Amino acid sequence: MSAVAVCKLSDLAPGSAAKFQVGDRAVAVVRLGDDVYAIGDMCSHAEISLADGEVLADDCEIECWKHGSRFSLKTGVPQTLPATVPVAVYIARVVDGMVEIETEGAAA
Ligand code: FES
């Protein structure tokens, strides 16, 4: 599996999200403290970028700004309606200060 470096960890403010294109996937990368999470950027309810939503650090979730569904950053599973379908989650890690994402082999 190959990892793609998308940015420096220092480019992401703690508690923030940013959208990156990794191959053919749009990925929302979220920083919580010094940990990073990566989930499919597109809300499963409608075509809305999750990276534009609010990061809920205490619950490790991100909230879609359009209708308020909250997605787990660990599993991609919606925790609240109206979304009912999970979004993809990807492996994210920090290597030498760079955020790396793996999308190969991940469920779409
Ligand atoms: S578009 Fe995301 S909850 Fe409706």
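In what order do the strands of the open sheet of 6 strands come? The order is 1-9-8-4-3-2, and the pairing is antiparallel.

What you have here is a predicted model, where local features need pLDDT of at least 70, side-chain atom pairs count only at pLDDT 80 or more, and totals for chains, interfaces and linings use all residues. Residues are numbered from 1 along each chain as its sequence is written.

A quick word on terms. Strands (E, at least two residues) and helices (H or I, at least four residues) are DSSP runs, numbered from the N terminus. Two strands count as paired if DSSP finds at least two bridges between them.

## The sheet of 6 strands

Let's go back to the order 1-9-8-4-3-2. At the edges stand strand 1 (4–8) and strand 2 (17–22); each has a single partner strand, so one side of each is left without a neighbour in the sheet. Direction ignored, neighbouring strands of this sheet are turned by 30° against each other on average; for such angles, axes are lines fitted to C-alpha atoms, for helices over the stretch in contact, and angles run from 0 to 180 degrees between N-to-C directions.

Further in, strand 4 (residues 35–40) pairs with strand 8 (residues 89–95) over 2 bridges, in the antiparallel sense. For A38, the bridge partner in strand 8 is Y90.

Strand 5 is joined to strand 6 (residues 61–63) by 3 bridges, and the two run antiparallel. Here L56 has E61 as its bridge partner in strand 6.

## A look at L12

Now for a loop residue: L12 is found between strand 1 and strand 2. L12 counts as partly exposed because it has 19 C-beta neighbours inside 10 Å; on this scale, 20 or more other C-beta atoms within 10 Å make a residue buried, 12 or fewer make it exposed, and partly exposed lies in between, with C-beta atoms placed from the backbone.

Leaving aside neighbours within four places in sequence, L12 is in contact (C-beta atoms, placed from the backbone, within 7 Å) with C7, A18, V29, R31 and V99. L12 and V36 are 24 residues apart along the chain, and their C-alpha atoms are separated by 9.4 Å.

## What the record says

The unreviewed UniProt entry carries the annotation "domain: Rieske" for residues 4–101. UniProt positions are given in the numbering used here, feature names are shortened, and annotations may be inferred rather than shown by experiment. Over residues 4–101, the chain is 0% helix and 46% strand, with the end C-alpha atoms 5 Å apart.

Conventions
Two residues are in contact if their C-beta atoms, placed from the backbone, lie within 7 Å.
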